[in-house]
Each structure stands twice: as C-alpha cells, then as structure tokens.
Amino acid sequence: MSSASSVLRDPTMQRQLLAMKQQQEFQANVAKFTEHCWDRCDVKATAKMEAKTSRCIANCVERYLDASSRLSADLPNLLSRMADSRQQAPPSSAKTIWG
Amino acid sequence: SPASMDSLSSSGVGGGGGSDSDKRQILEQLQQQTALNLIQSLVNTSTEKCFEKCVPSPGGELATSEQKCVSMCLDRYVETWNIVSKVYGSRIARESGGGGGGSSGISFQ
C-alpha cells in the first residue's frame with residue numbers, strides 16, 4: 001500500500017511530526033510572551049536595553065508561567081465547584097460560583 | 001523527484017509507503033513553512049509595536065529620527081524575543097527534570 005496516509009503511519013515520521021508540533025507550540029508561546037512582556041515592561045526603542053528592562057522581561061515570563069501553573073493546579077477544584085452548583089437552583093449572580 | 005503526493009507511490013523502506021527521501025522532503029518543507037510563519041509573525045507584531053512607539057503622529061513622510069527609532073526598536077524587539085526564548089526554554093528544561101537539553105527555541109542574531 002502506498003499513499004499519503006501510509007507515510008503518516010510511519011512511526012519515525014510520527015515522532016518527528018510530534019517533535020515539530022512541540023517546537024511550533026514553543027515558538028507560538030515565545031511570540032505571545034514577547035508581545036505581552038514588550039508592553040508590560042515598556043521596552044524602549046533605544047540603542048541599548050536597560051538592565052532593569054531585561055530583568056523585567058525575564059520576570060514577566062517567569063511570573064506568567066507561575067500564574068499559569070497556579071491556575072492549572074486550582075482548576076480541578078474550580079471544576080468540581082461548578083458541578084456542585086449545577087445541582088442547586090441556578091445562582092442569581094456569578095458571585096455564587098466564583099465566590 | 002518532486003515531493004508531490006504522486007511520487008509517494010514508489011515503494012519505500014522503513015514501514016509505510018513512500019521513500020525515505022520523500023519523507024525527509026516533506027519534513028523539510030514543513031520545517032521551512034513553520035520557520036516562514038514564525039518570521040511572518042515576528043515581522044507583523046514588531047511592525048505594529050514599533051510603529052506605535054516611533055511614529056505617534058504619522059506625517060507626510062517618515063522623519064530620519066523616526067526611521068532610526070524603528071531600526072532600534074526592531075533590535076530591541078528581537079532582543080526581547082531572545083530573552084523570552086531563553087527564559088522560557090530554561091524553565092521548561094527545569095520543570096522536565098533538569099536534564100532535557102537546551103530549549104528548542106530559535107534565537108535571532
């Protein structure tokens with residue numbers, strides 16, 4: 001059998017495609033953080049970057065990832081609270097769920 | 001041979017159809033396309049940011065000072081990208097048990 005689908009079934013091919021996908025995700029995140037931290041740290045269009053600015057950028061990335069981990073860790077709890085509220089009368093305000 | 005889907009009908013080794021060189025070509029093309037998309041994204045975003053920063057009141061033409069600003073701005077944007085790439089890559093390596101090799105990032109010189 002020879003077709004495009006059989007090429008994709010090749011395990012080596014799959015491994016390499018997965019690696020490429022992961023690299024793509026990495027780059028997409030770098031692009032996102034760069035844009036976000038550029039604004040957050042108010043990077044200036046100067047000949048040389050100030051030390052405090054490069055520190056800010058590094059902190060910006062680390063803190064974003066911390067916040068993201070924090071959120072992921074809290075997610076199961078949050079989801080279970082959403083399930084609980086479904087068994088009661090619908091809440092009159094969002095405050096009931098997000099407390 | 002051209003890397004079209006037709007040429008994949010040649011018998012191949014290593015499981016599945018298609019020759020190894022065809023598979024390599026596909027991967028290379030995918031890699032190239034990904035790199036191009038990345039550059040595109042970088043250019044689009046940095047153009048927007050640097051226009052905002054350097055040309056607050058667009059006039060009849062781009063002043064010399066504005067051109068210089070845009071040039072420096074692009075350098076700083078790429079520098080920001082490199083810092084982000086390094087920090088993010090290190091963080092991932094740290095969190096996957098410290099060993100995992102360098103980041104899979106692209107750095108712009």
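## Basis of the model

In this predicted model, local features need pLDDT of at least 70 and side-chain atom pairs count only at pLDDT 80 or more, while totals for chains, interfaces and linings use all residues. Residues are numbered from 1 along each chain as its sequence is written, chains are lettered from A and ligands numbered from 1 in the order in which they are written, and side-chain values use heavy atoms, with hydrogens and water left out.

## Chain B: annotated span and helix 2

Helices (H or I, at least four residues) and strands (E, at least two) are DSSP runs, numbered from the N terminus.

Helix 2 of chain B (residues 64–95) has 32 residues and should span 46 Å at 1.5 Å a residue, which agrees with the 47 Å between its end C-alpha atoms. The expected span is 1.5 Å times one less than the number of residues. B:Gly97, with a positive phi near 90 degrees, follows this helix.

B:Thr80 lies in helix 2 of chain B and counts as buried because its relative accessibility is 0%. Buried means under 20% relative accessible area, exposed over 50%, and partly exposed in between (1.4 Å probe, protein chains only). Not counting residues up to four places away in sequence, B:Thr80 touches A:Thr34, A:Trp38, A:Val43, A:Met49 and A:Ile57, contact meaning heavy atoms within 4.5 Å.

## A:Met82

A:Met82 counts as partly exposed because its relative accessibility is 35%.
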